Amino acid sequence: MSHFADNATSVECPILENEEIARHTMRVRIEAPAMAGAVVPGQFFMLRNPASNDPLIGRAFALYDKAPD
């Protein structure tokens, strides 16, 4: 399955965990069941706070793993 920017979606989801696991390395866990079935490790997500304009463009995060269905 291919996903391209022209098929991008915007989803609001809660952050379950934001933990520093090494120096300058964070693990962020989100709850996004609607997306979990379609994503694969190696894809990137743009994350931002919807209640703020800072940052104007979301920060890129790579998907490392997902919880089993």
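With which residue does Glu19 form a salt bridge, and how far apart are the closest N and O atoms?

Mentor: Glu19 forms a salt bridge with Arg27, and the closest N and O atoms are 2.6 Å apart. A salt bridge here is a side-chain nitrogen of Lys or Arg within 4 Å of a carboxyl oxygen of Asp or Glu. By this rule, the count comes to 3 salt bridges.

Two sentences on the basis of these values are in order. This is a predicted model, in which local features need pLDDT of at least 70 and side-chain atom pairs count only at pLDDT 80 or more, while totals for chains, interfaces and linings use all residues. Residues are numbered from 1 along each chain as its sequence is written, and side-chain values use heavy atoms, with hydrogens and water left out.

Arg27 also meets the side chain of Glu17 in a salt bridge, at 3.7 Å from N to O. This pair links distant parts of the chain, since Glu17 belongs to strand E1 (residues 15–22) and Arg27 to strand E2 (residues 25–30), 10 residues apart. Strands (E, at least two residues) and helices (H or I, at least four) are DSSP runs, numbered from the N terminus.

Glu17 has a further partner: its side chain and that of Arg29 form a salt bridge of 2.5 Å, N to O. Because Glu17 lies in strand E1 and Arg29 in strand E2, this pair ties together parts that are 12 residues apart in sequence.

As for accessibility, the term buried means under 20% relative accessible area, exposed means over 50%, and partly exposed lies in between (1.4 Å probe, protein chains only). Glu17 counts as partly exposed because its relative accessibility is 24%. Glu19, at 31% relative accessibility, is partly exposed. Arg27 is partly exposed at 30%, and Arg29 is partly exposed with a relative accessible area of 41%. Through salt bridges that share partners, Glu17, Glu19, Arg27 and Arg29 are joined into one network.
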